[in-house]
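Take a look at the model below.

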2 protein chains.
Amino acid sequence: MRAVAIALVHYPVLDRGQGVVTTAITNLDLHDIARSAHTYGVTQYFVVHPIAAQRELASRVQSHWTTGSGARRIPDRSPALAILRIVPALADVLAELDGPEVWVTSAEARGAVLDYPSARSRLAEDGPPVLLLFGTGWGLAPEVCRQAAFQLAPIRSPRADGYNHLSVRAAAAIIFDRLLAPR
Amino acid sequence: MRAVAIALVHYPVLDRGQGVVTTAITNLDLHDIARSAHTYGVTQYFVVHPIAAQRELASRVQSHWTTGSGARRIPDRSPALAILRIVPALADVLAELDGPEVWVTSAEARGAVLDYPSARSRLAEDGPPVLLLFGTGWGLAPEVCRQAAFQLAPIRSPRADGYNHLSVRAAAAIIFDRLLAPR
């Protein structure tokens, strides 16, 4: 089984007009995604943000839950928040993982996508760690997607009207379950 | 296909010492679970809270996103928040759905559980609507679980140490995907 790490990208991502922007860190993205990631055995959860003050905020949230009063009040959160790595750029993630195989996620298919059975098979083979990228805002910028080995198939809605507006927290949990749940 | 509704219960639920308590409403539970629920075709999302001031808070969040400035800023959220029903007690949910088949969810198995393939088969049959119950805090009180027709199988962690601390938002998203994703 290959190691799986994830990164939540705050730059470069799209806004609703398809412009490339930097988004703000959402507190709940740190907790919820860390708890889901650790539950499913993800090795590291990178939070990528180019602005130092935003990284400092994320570090303080992490410390609260790993060594501060939050760790004493709800100790179950500590191991989850301990997998958080707060870095300025995607290049730092790629360097720390020493050349992972990058898979991007998106609510929309752009060209060929990797379906979930195939993705599970790839994870069962030998190989470098897989880095799953999640975008904030309206999704990862095309320049990030172009660097990826694969795009995971979008999560499809069963609705006739196709309504599909999952939060990144919900999408991440669903994707971990599809890729990593015991069978 | 049977209709599926859900309820997020704030009373009676357990605290970490297994006492029965009332929990506070978490803003993100309203948004995230509404977005996930509507994406997967859930018909109603009941938020059950016995305290009027808490219900008022939830109503104001809902109005913000369905008719207020939030609806104008991010119109995609409106249909999701429109399925929210804010009620004082579980009895109100059962009455509104006219006797649904109640399925409870839990992070721990208590006796026999309904696995996901069987659950999907049951949903494909004719029958009354299914009401999925989610607990806040440390989970639904035993008196709620005893009223249920079924307990859905807990979501298992693939980890050797069994670490499993999903947020209710993540657990709900995963369960919707397992039960309702197109195949």
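Predicted model: local features only at pLDDT ≥ 70, side-chain atom pairs only at ≥ 80, totals over all residues.

Residues are numbered from 1 along each chain as its sequence is written, chains are lettered from A and ligands numbered from 1 in the order in which they are written, and side-chain values use heavy atoms, with hydrogens and water left out.

Stay with the interface. Here 33 residues of chain A are in contact (heavy atoms within 4.5 Å) with 33 residues of chain B. The size of an interface is often given as the accessible area lost when the parts come together. Chain A and chain B bury about 3200 Å² between them. Of this area, 53% is on carbon and sulfur atoms. Buried area is the accessible area (1.4 Å probe) that two parts lose on being put together, summed over both.

Charge pairs also cross the interface. The rule finds four salt bridges between chain A and chain B. A salt bridge is a side-chain nitrogen of Lys or Arg within 4 Å of a carboxyl oxygen of Asp or Glu. Asp177(B) and Arg178(A) form a salt bridge through their side chains, at 2.6 Å from N to O.

Which elements give two or more residues to the side of chain A that touches chain B? They are helix 1, helix 4 (78-81) and helix 8 of chain A. Helices (H or I, at least four residues) and strands (E, at least two) are DSSP runs, numbered from the N terminus. Helix 8 of chain A gives the largest share, seven residues. By class, this side of chain A has 14 nonpolar, eight polar and 11 charged residues. Ala, Val, Leu, Ile, Met, Phe, Trp, Tyr, Cys and Pro count as nonpolar, Asp, Glu, Lys and Arg as charged, and the others, Gly among them, as polar.

Now the fold of chain A. Six strands form an open sheet in the order 5-4-1-7-6-8, with parallel pairing. Its edge strands are strand 5 (84-87) and strand 8 (150-151) of chain A, and each pairs on one side only. Two strands pair if DSSP finds at least two bridges between them. Strand 1 (residues 4-9) and strand 4 (residues 45-48) of chain A pair in the parallel sense over four bridges. Within this pairing, Ala7(A) stands opposite Phe46(A) in strand 4.

Helices pack on this sheet. Helix 1 (residues 27-39) of chain A touches strand 1 and strand 4, and its direction makes about 155 degrees with that of strand 4. Helix 8 (residues 168-180) of chain A touches strand 1, strand 6 (101-104) and strand 7 (130-135), at about 155 degrees to strand 7. Axes are lines fitted to C-alpha atoms, for helices over the stretch in contact, and angles run from 0 to 180 degrees between N-to-C directions.

Turn to chain B. Its open sheet of six strands has the order 5-4-1-7-6-8, with parallel pairing. Strand 6 (residues 101-104) and strand 7 (residues 130-135) of chain B pair in the parallel sense over four bridges. Val102(B) has Leu131(B) in strand 7 as its bridge partner. Helix 6 (residues 116-124) of chain B lies across strand 1 (4-9), strand 6, strand 7 and strand 8, at about 160 degrees to strand 6. The axes of helix 6 and helix 8 of chain B come within 8 Å and cross at roughly 65 degrees. The residues of this helix contact divide into six nonpolar, no polar and three charged.

Last, the local details. Over all chains, the structure holds 14 salt bridges. In one of them, Arg85(A) pairs with Glu96(A), with the closest N and O atoms 3.8 Å apart. Arg85(A) lies in strand 5 and Glu96(A) in helix 5 (residues 90-96) of chain A, so the pair ties together parts that are 11 residues apart in sequence.

Most residues other than glycine have a negative phi, and most peptide bonds are trans. The peptide bond from Tyr11(A) to Pro12(A) is cis, with omega near -5 degrees. Pro12(A) sits in the loop between strand 1 and strand 2 (13-14) of chain A. Gln18(A) is not a glycine, yet has a positive phi of about 70 degrees.
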